[in-house]
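This report concerns the packing of a protein model and the helices within it. The structure is shown first.

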Amino acid sequence: METQQDPMKDDLPLMANTSYMLVKHYVLDLDVDFKSKVIGGVIVLFFETGSQYRKTSSTGKEVCQSQVDETCKMRASEPCHVPATNASACSSKKEYKDFTAYGKGEEDTSDRNGNHSNKEQTSGISSSEDCCDTENPENKDFLLVLDCCDLAVLKVEEVDVAAVSGIEKLTRLAKPNDVSKELENLRNRIVHELVTLPADRWKEQLYYFTCCSQAPGCGDLLFTTGPWSLEIRKSGIQTPADFPHAIRIWYKTKPEGRSVIWTTDQSGRPCVYTIGSPINNRALFPCQEPPVALSTWQASVRTAADFVVLMSGENSAEPVQLQEGILSWYYYVTMPMPASTFTIAVGCWQEVKQQSSTAPVQTNIEFSLPYSDDDFRCAHVEYPCRFQNPAARLQAVIPYRVFAPWCLMEHCKEHLLQLIPQCLSAAYTTLGTHPFSRLDVLIVPSNFSSLGMASPHIIFLSQSVLPGGTHLCGTRLCHEIAHGWFGLAIGACDWTEEWISEGFATFLEDIFWARAQQLSHDEVKEQQELKALLRWQRLRDEVQNSEEELQVLRPKKESTGELSESGASLVKYGLKAEKSFMQVHYLKGYFLLRSLARTVGEDSYLVCLRKFVHKFHGQLVLSQDFLRMLLEDIPEQKKSGLTVESILQNWLDTSGIPKLLPDQLVLLLESLLEEKTLCPGILQCLEKTYQLREQDAEVRHRWCELVVKHKYMPGYGDVEKFLRDDQAMGVYLYGELMVNEDVKQQELAHKCFAAAREHMDESSAKVVAEMLF
């Protein structure tokens with residue numbers, strides 16, 4: 001297994017040179033072998049030339065425009081439409097050799113460059129000296145770099161897509177008669193035509209992707225592997241435009257690979273599932289990991305007949321028997337997303353079905369937006385988008401299934417099945433059209449390291465959410481459903497801005513859960529204030545017991561979203577083990593969003609959220625995209641000093657608990673005033689964190705109210721000072737000191753009044769005297 005990353009350099013490298021070659025579609029054909037704990041087979045990648053190369057001028061000089069800018073700001077001129085019928089799985093026999101012919105019986109080899117992480121390789125491997133002519137860089141071969149780790153790469157070849165029967169109909173191009181440079185150009189033109197087919201031809205596109213993936217090879221490609229990458233070249237090819245745009249890779253995973261977990265479920269049956277972190281899917285298949293590499297995929301997975309294959313796919317796959325004891329499962333996705341969102345789980349899962357009738361959840365609610373749809377057409381790259389599908393816009397509850405080990409089926413029936421439609425409907429009521437057409441929920445093995453994980457069309461839940469009533473299960477389900485919008489349909493341009501996903505999901509889980517329970521306004525407020533207090537205590541503890549650099553929500557600050565010329569980048573602290581257990585991105589992000597909601601008003605805030613979803617779905621964003629939209633919609637907030645720059649500085653670019661604006665502090669303190677009890681430790685930490693004694697009179701007034709309400713004696717001096725120095729605002733506090741019927745507080749009131757009475761306004765003195773005597 002790969003040696004441990006240097007603890008002083010815990011950044012996760014994203015090696016793929018996406019600026020030159022961009023994967024648009026993956027076709028995976030895999031076998032899952034539980035005996036050897038290996039997933040292996042073939043993956044075919046279809047490319048487009050990347051933005052950096054396309055923007056090269058005629059003089060050979062590159063235009064300085066980052067791929068992040070292009071990908072994040074893509075706009076389509078026409079709305080997207082989805083066909084009325086679902087695609088059927090296109091199953092066909094493989095026309096290439098099975099991966100086992102290359103993988104089994106071979107001895108491990110290691111190239112002379114020390115590429116120790118991927119030792120099983122074919123003899124056609126090139127050395128790094130072969131890949132680059134360092135003395136004459138003008139004549140060096142182009143090198144395609146993919147993210148890859150803990151994989152045994154066995155063979156890489158170019159795919160002859162021009163050999164596919166009927167491909168001329170797709171591309172309207174004639175095949176050349178001779179095998180020449182023109183034929184190589186034709187193959188790349190075919191791939192370009194295929195990946196750019198309009199959205200309403202998505203079925204045809206999937207069919208031809210399948211056919212092209214099964215086309216014969218037309219030449220082995222040279223490759224080498226490093227600790228984090230797979231590098232591929234074709235001798236004599238010096239530009240991305242001329243490099244093969246369809247390549248096939250034979251590979252297999254390693255049992256110790258960090259993208260998958262081989263384990264047993266709660267019933268003792270073997271299973272395997274992807275974990276999504278810390279290295280995402282690069283140990284599951286060679287891919288491009290940077291978020292800008294938005295792609296679609298389709299996958300055929302074969303395994304023993306006892307197992308069920310679940311995957312992030314738009315279709316509910318039905319298995320096909322290939323031979324006795326072997327089943328094949330086929331899934332596809334037509335919405336371009338980062339490869340990191342690809343998920344697979346194979347186990348002896350049982351589908352949990354409802355046996356008793358329950359009260360129906362309304363499933364066809366008309367969701368109206370506070371603006372015209374014509375004002376907000378889809379701004380993403382073209383794909384069959386549900387936001388432009390009238391039927392999808394009426395679907396409050398999308399089709400769903402629940403899977404679990406057999407021993408947990410009754411637990412799922414007791415609560416989970418009833419909660420899913422309620423939570424889906426609540427999410428729809430809040431944000432509108434569900435970005436995805438269906439949902440599977442899987443109870444994963446007990447070694448799953450969190451309470452939940454959301455991927456396209458599938459949610460993993462920990463068994464820990466099942467017992468003890470509906471609260472934990474419901475809130476966690478709402479959190480993961482919220483990721484359908486924030487984290488999946490809308491992604492972060494830069495992985496370091498994970499608060500965009502987790503902060504929004506944490507904020508929205510409260511709203512979804514309250515609506516799912518159909519609580520009254522007062523019950524909603526009470527529940528949310530209690531949650532806020534508990535989260536504040538958790539955030540305070542985390543800030544006090546963690547490294548400062550891990551508390552920053554935007555650790556790359558003004559460099560966030562920037563890529564190198566090739567498209568490679570680093571995820572700051574992406575390999576730091578303790579970071580995966582921290583909740584600062586959840587909690588600090590939640591408090592930022594809560595603060596903004598309280599400042600602008602929850603109704604206006606939710607309108608802005610729906611507008612943001614409608615405008616940015618299918619795209620990648622940076623923090624300032626949301627903040628700018630919010631402040632543009634509510635410009636009067638700028639008068640109070642609330643700007644994008646101030647929010648970045650106070651919330652996202654610094655460690656610790658944020659420095660709040662005075663109005664935000666007032667809102668926070670008023671929220672805490674509604675709590676029945678606060679311990680002295682919390683009040684002490686509150687005063688120290690926000691330096692309440694140094695704030696303006698409005699803030700200090702609320703602080704004094706907290707001191708009086710909770711009889712916090714170390715703060716009595718603050719009350720005395722306020723009554724002496726801020727007489728215009730202190731009358732109310734005298735009443736609070738007397739109402740509690742606490743001897744010390746009443747003595748304090750009399751003492752302050754006696755000292756100030758001679759100089760007090762006559763009317764104020766009369767009102768206070770009536771309170772005290």
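## Basis of the values

The model is predicted; local features need pLDDT of at least 70, side-chain atom pairs count only at pLDDT 80 or more, and totals for chains, interfaces and linings use all residues. Residues are numbered from 1 along each chain as its sequence is written, and side-chain values use heavy atoms, with hydrogens and water left out.

## Nonpolar cores

A nonpolar core is a set of buried Ala, Val, Leu, Ile, Met, Phe, Trp, Tyr and Cys residues joined through side-chain atoms within 4.5 Å; buried means under 20% relative accessible area, with a 1.4 Å probe and protein chains only. The largest such core holds 197 residues, of which Ile 232, Ile 249 and Leu 416 touch the most other members. Helix α9 (residues 409-431) is its greatest contributor, with twelve residues. Apart from this core lies another, of 26 residues, including Ala 152 and Tyr 208.

Leaving aside residues up to four places away in sequence, the contacts of Ile 232 (heavy atoms within 4.5 Å) include Phe 142, Leu 221, Phe 243 and Ile 249.

Helices are DSSP runs (H or I, at least four residues), numbered from the N terminus. Helix α11 (residues 499-517) spans 27 Å between its first and last C-alpha, close to the 27 Å expected at 1.5 Å a residue, where the expectation is 1.5 Å times one less than the number of residues. Because 17 of its 19 residues are buried, α11 is largely enclosed by the rest of the structure. Gln 518, which follows α11, has a positive phi, near 55°.

Helix α16 (residues 644-652) is mostly covered, with seven of its nine residues buried; among them are Val 644, Ile 647 and Trp 651.

Definitions and conventions: Buried means under 20% relative accessible area, exposed over 50%, partly exposed in between (1.4 Å probe, protein chains only). Helices (H or I, at least four residues) and strands (E, at least two) are DSSP runs, numbered from the N terminus.
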